[in-house]
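Thanks for coming. I will go through one structure today, starting with a term and then moving from the overall fold to single residues.

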Amino acid sequence: MIIEKIYKFVVFFSFLVAGNRCLVFDYHMYGDGMGTLRILKESGDGTTTELFKRAGQQNSSPTGWKTASIDVYHSTTDSVSISTNETL
């Protein structure tokens, strides 16, 4: 019998002022069952756009971190979500 546990983490944020922004973050994805890291933008009209996606192991060492930079144009009705899931 195989038992899988799925861990999920989601962060939502909105912008108070419309315009261009740059979202910069570091991520670490090393090991079995890394799952997926996604950055999504949901517009006020309900349209969802995937801004960033990485799945599986992305690093060749347990100490390796990567930096990502994403340009985001948004209005005040848009929201951005950062979500992860990991299967163990």
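Buried, in this talk, means under 20% relative accessible area, exposed means over 50%, and partly exposed is in between, with a 1.4 Å probe and protein chains only. Glu 50, for example, is partly exposed, with a relative accessible area of 43%.

Before going on, this is a predicted model, where local features need pLDDT of at least 70, side-chain atom pairs count only at pLDDT 80 or more, and totals for chains, interfaces and linings use all residues. Residues are numbered from 1 along each chain as its sequence is written, and side-chain values use heavy atoms, with hydrogens and water left out.

Now the overall picture. The chain has 6 strands and 0 helices; these are DSSP runs numbered from the N terminus, with at least four residues of H or I for a helix and at least two of E for a strand. Of the 88 residues, 27% count as buried. Taking a contact as heavy atoms within 4.5 Å, residues 24 or more positions apart make up 75% of the contacts with a separation of 6 or more.

Next, the core. A nonpolar core is a set of buried Ala, Val, Leu, Ile, Met, Phe, Trp, Tyr and Cys residues joined through side-chain atoms within 4.5 Å. The largest one here has 12 residues, among them Leu 23, Phe 25, Tyr 27, Phe 52 and Ala 68. Strand 2 (19-27), strand 3 (36-42) and strand 5 (66-74) each supply at least two residues of this core. Which residues does Ala 68 contact, leaving aside its neighbours within four places in sequence? They are Leu 23, Val 24, Phe 25, Tyr 27 and Phe 52.

Some of those names are aromatic. Rings of Phe, Tyr and Trp (its six-membered ring) pair if their centres lie within 6.5 Å; planes under 30 degrees apart are stacked, over 60 edge-to-face, and the rest tilted. That rule gives 3 aromatic pairs. Phe 25 and Tyr 27 make a tilted pair, 6.1 Å centre to centre with 45 degrees between the planes. Phe 25 and Phe 52 are edge-to-face, at 5.3 Å and 85 degrees. This second pair links distant parts of the chain, with Phe 25 in strand 2 and Phe 52 in strand 4 (residues 48-55), 27 residues apart. Phe 25, Tyr 27 and Phe 52 form one aromatic cluster. Tyr 27 has a relative accessible area of 8%, so it counts as buried.

Then the charged side chains. How many salt bridges does a search of the whole structure find? It finds 2, a salt bridge being a side-chain nitrogen of Lys or Arg within 4 Å of a carboxyl oxygen of Asp or Glu. One joins Glu 50 to Arg 38, with the closest N and O atoms 3.2 Å apart. Glu 50 is in strand 4 and Arg 38 in strand 3, 12 residues apart. Arg 38 is partly exposed at 28%. Lys 41 and Asp 78 also meet in a salt bridge, at 3.9 Å from N to O. Lys 41 lies in strand 3 and Asp 78 in the loop between strand 5 and strand 6 (79-87), 37 residues apart. Are these two buried or exposed? Lys 41 is buried at 15%, and Asp 78 is buried at 6%.

Last, Thr 36, which is in strand 3. Thr 36 counts as buried because its relative accessibility is 15%. Its C-alpha atom is 8.0 Å from that of Ser 83, 47 residues away along the chain.
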